Amino acid sequence: MTLFNENYAKLPGSYLFSTIAKRVAAYKEAHPGQQVISLGIGDVSRPLVPAVVEALHKASDEMGRSETFRGYGPEQGYAFLREAILQHDYVQRGIALTADEIFVSDGAKSDVANFQELFSQACTVALQDPVYPVYLDTNVMAGRTGAFENGRFGGIVYLPCTEQNGFVPQLPACHADVVYLCSPNNPTGAAMTRAELKKWVDWAAENNSVILYDSAYEAFITQPDVPHSIYEIPGAQQVAVEFRSFSKTAGFTGTRCAYTVVPKALQVYGRDGVAHSLNALWLRRQTTKFNGVPYIVQRAAEAVFSPQGQKQIREVIAGYQQNARVILQALQRAGLTAFGGVNAPYIWLKTPQGIDSWTFFDKLLTHAQVVGTPGVGFGACGEGFFRLTAFNTPQLTQEAAQRIAQLQF
Ligand code: PLP
C-alpha cells in the first residue's frame, strides 16, 4: 500500500474555471445564435512582437548549426539575459543588484509555487484575500496548513483586501514568517504605493519575516507613486524576493520565461540561530531540480529589452490598457462601481444591490453574453465582487463594453 501525500486531500476541488466553462457551454448550447464574449481570460490575445519572433528564428537557426548549437545551459539562465534584465529592470532604475541575484525560469507560477520549499514546515504564511490561488495551494500541499473549514485554511494568516482598505493588505496583528504580496494585484487590480509597500518592508525587517513579492503585472503600472520593483524601497534587499514574468509583459504565456530575484543580503535561519543565504539555497534548489529555459526562448526574452522590442511591447500593453479604460467607462455608464484597471489589466467590480458574485455571473452571461470571473473564486473576501480582464482584442472588448453599458441594474 503506497500512502499518498494527504495534504492534497485538504484542497477543495478547483472548480472555478471548470464551473465557468460548463455554465458557458450550457448557455451556448441553449442559445446557438448568440455570440458570447469572454472578459474572463487571464491569457493574452496579441501575438509575439516582431523583434521577439526575429530572435526566435535566429536562435533556432543557431541550434541547427554545429558551431552554434547549445545543449544544457546554465540552470540560472544565460548571462546575456540576466545582464539584460539587470540593466533594464534594475540598474536603470537606480537599484544595485548583481546578475547572480537573478534566476531565469520557465514561469513565475512555478517559481512562486516552488519557493516555499526553502522555508521550514513550521513557518507561518500570510497572504491576501482574495488571492492568486497558487500561493495558498502550494502551502497546503506542503503541509503548512490545517484543514479547510468555512472557506478558510487553519494556520494561514489571511490579509483581507476590501473596499474599505482600498484592496491594500494591512499589516497583520500576529506574526507571520512568510508573506506573499502581489502588486499590481490579480484579481483586484490594486497596486501598492511606495508608502504602502514601505510599511511592509519595515514590518518584515522588524519581524525577521520574508516577503515574496509577485510583480507579474509590473508592466501595467501607470501611476508614478507605484514602485516598479520592491527594491525601490530602502532595506527591501534584506527582506524580499521578487518574481517577474515575460508572460503578460511580452505575450510569453505560451513561450514561457520569467525570473526571480533573490538578493544575497537576504538571510534565513536554522534552529540553531545560524544564518543561511536564501540566494544560495535557491541556487541549490534550482541546480538540483531545474535544467534551465531553452536557449531559443532566452534569446527571445533578451529581444524584449532591445529598443525595437521595447517599443513594440509598449504598443501592445497600451492596447490592453486602452481596453481597461473602455471597460471601466462602460461599467460607469451602467452605474456600477469598479476598481483597478489603472495599474493592472484587471478590473474588480462591485456587484450591484449586494447580489453574490455567481448570481452576477449568470446575469452578465444571460443579459449581455459576457463572461467574467466571480470574485468569490479567489477567496472569501472576493464575494460580492467580479473580475473582468483587459486581455481580449480591442474589437471584442468594445463590443462587450457596449453590451455592459446598456445593462440596467
Ligand atoms: N503571478 C500572478 C499574480 C499571475 O496572475 C500569473 C498568471 O496569471 C502568474 C504569476 C503566472 O505567470 P507565468 O505565466 O510567468 O507563470
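## Around the ligand

In this predicted model, 14 residues surround the ligand, and the closest are D214, Y217, S245, S247 and R256. A polar side-chain atom of D214 sits 2.7 Å from a nitrogen atom of the ligand. K109 takes part through its backbone: one of its N or O atoms there is 2.9 Å from a ligand oxygen. K248 uses its side chain, where an N or O atom lies 3.1 Å from an oxygen atom of the ligand. On its own the ligand has 400 Å² of accessible area, and the protein covers 91% of that.

## A strand under cover

Now look at strand β7, residues 178-182. Are its residues buried or exposed? Five of its five residues are buried. In a regular strand, side chains alternate between the two faces of the sheet. Here V178, Y180 and C182 point one way, while V179 and L181 point the other way.

Strand β7 also has partners. It runs parallel to β3 (residues 125-129), joined by three bridges, and V179 is the bridge partner of A126. It runs parallel to β8 (residues 210-214) too, this time with five bridges, and Y180 is paired with L212.

In soluble globular proteins, nonpolar side chains tend to be buried together. The largest nonpolar core of this model has 62 residues, and I211, F246 and F252 touch the most other members. Helix α3 (residues 79-90) gives the largest share, six residues.

Beyond its close sequence neighbours, F252 has contacts that include L48, V52, F246, C257 and V304. A second, separate core holds 30 residues, among them L11, F115, F119 and V134.

Technical notes: Residues numbered from 1 in each chain as written. Predicted model: local features only at pLDDT ≥ 70, side-chain atom pairs only at ≥ 80, totals over all residues. Heavy atoms only, no water. Core = buried A, V, L, I, M, F, W, Y, C linked by side-chain atoms within 4.5 Å. Buried < 20%, exposed > 50% of the residue type's maximum accessible area, 1.4 Å probe, protein only. Helix = DSSP H or I, 4+ residues; strand = E, 2+ residues; numbered from the N terminus. Contact = heavy atoms within 4.5 Å. Near = heavy atom within 4 Å. Polar contact = N/O pair within 3.5 Å; in protein donor to acceptor, adjacent residues only side chain to side chain. Areas by Shrake-Rupley, 256 points an atom, 1.4 Å probe, with all protein chains shown as cover. Pairing = 2+ DSSP bridges. Lists of a residue's contacts leave out its neighbours within four places in sequence.
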